[in-house]
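Colleague: Please take a close look at one part of this model, the pockets and what surrounds them. I would like the cut-offs stated along the way.

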Amino acid sequence: MPRLPVLVAAALTVAAGLGARLLWDGPVPKYAGDALYTVLIYTLVLLARPSVRPRVAALLAAGLSWAIEFAQLGDIPAVLRPVLGSTFNAPDLLWYAVGAAAAWAAHTLWLRRRPPGRPRPG
């Protein structure tokens, strides 16, 4: 996958997370942020490995998000807490899966699009 659309997706993901914090209070921005955190990890996976299959990228993004969440059961160094968090919250695991599924779906749709006049690969 070309890197420019992935960079745009990453920037839009960060903007959506910040926008959710500005527009809403309570659980909406918190859980939207969890899902978008995993979407951002998905885009970083794509930047590192542009040829990765959507399913693999989704599993990696969700798995890394889950690993970070479970790491919060231990002691996260203070310098890393703004990025990795500090408190385990089981519902976050669901929202990480939602984010991975949304990114997988968007990536799959992107790959299925085809320019006019070009046959679909067999």
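Modeller: The second largest pocket is lined by 20 residues, and those nearest its centre are A9, V39, T43, A103 and A106. A pocket here is an open set of points on a 1 Å grid over the protein atoms alone, where a 1.4 Å probe fits, with protein on both sides within 12 Å along at least five of seven lines, and lining residues have an atom within 4 Å of a point. This is a predicted model, in which local features need pLDDT of at least 70 and side-chain atom pairs count only at pLDDT 80 or more, while totals for chains, interfaces and linings use all residues. Residues are numbered from 1 along each chain as its sequence is written, and side-chain values use heavy atoms, with hydrogens and water left out.

The space in the second largest pocket comes to about 370 Å³, a volume being what probe spheres set on the grid points fill, with points joined across faces, edges and corners. Helices α1, α2 and α5 each supply at least two residues of the lining of this pocket, and the largest share, seven residues, comes from α5. Helices are DSSP runs of H or I with at least four residues, strands are E runs of at least two, and both are numbered from the N terminus. By class, the lining of the second largest pocket holds 16 nonpolar, four polar and no charged residues; Ala, Val, Leu, Ile, Met, Phe, Trp, Tyr, Cys and Pro count as nonpolar, Asp, Glu, Lys and Arg as charged, and the others, Gly among them, as polar.

The largest pocket has a volume of about 550 Å³. Of the 25 residues that line the largest pocket, R21, G33, D34, Y37 and V83 are the closest to its centre. Its lining draws at least two residues from each of α1 (3-23), α2 (27-48), α3 (54-71), α4 (81-84) and α5 (91-112), with α2 giving the most, seven residues. Here the lining divides into 11 nonpolar, eight polar and six charged residues, whereas the lining of the second largest pocket has no charged residues.

Two of the residues closest to the centre of the largest pocket, G33 and D34, deserve a separate account. G33 is found in helix α2 and counts as partly exposed because its relative accessibility is 24%, where buried means under 20% relative accessible area, exposed over 50% and partly exposed in between, with a 1.4 Å probe and protein chains only. From G33 to A16 the C-alpha distance is 8.5 Å, although the two residues are 17 apart in sequence.

D34, for its part, is buried because its relative accessible area is 9%, and its side chain meets that of K30 in a salt bridge, with 3.1 Å from N to O. A salt bridge is a side-chain nitrogen of Lys or Arg within 4 Å of a carboxyl oxygen of Asp or Glu. K30 and D34 are separated by about one helical turn, because they stand four residues apart in helix α2. K30 also forms a salt bridge with D92, where the closest N and O atoms are 2.8 Å apart. This second pair links distant parts of the chain, since K30 belongs to helix α2 and D92 to helix α5, 62 residues away. K30 counts as partly exposed at 27% relative accessibility, while D92 counts as buried at 3%, and K30, D34 and D92 are together linked in a network of salt bridges.

By the rule given above, the count comes to three salt bridges. Another of them joins R81 to D75, with the closest N and O atoms 3.4 Å apart; in this pair R81 is partly exposed at 37% relative accessibility and D75 is exposed at 69%.

As context for these parts, the chain has five helices and zero strands, and along the sequence the pattern reads α-α-α-α-α. The C-alpha atoms fill a box of roughly 55 × 30 × 25 Å, taken along the principal axes, and buried residues make up 29% of the 122 residues in the chain.
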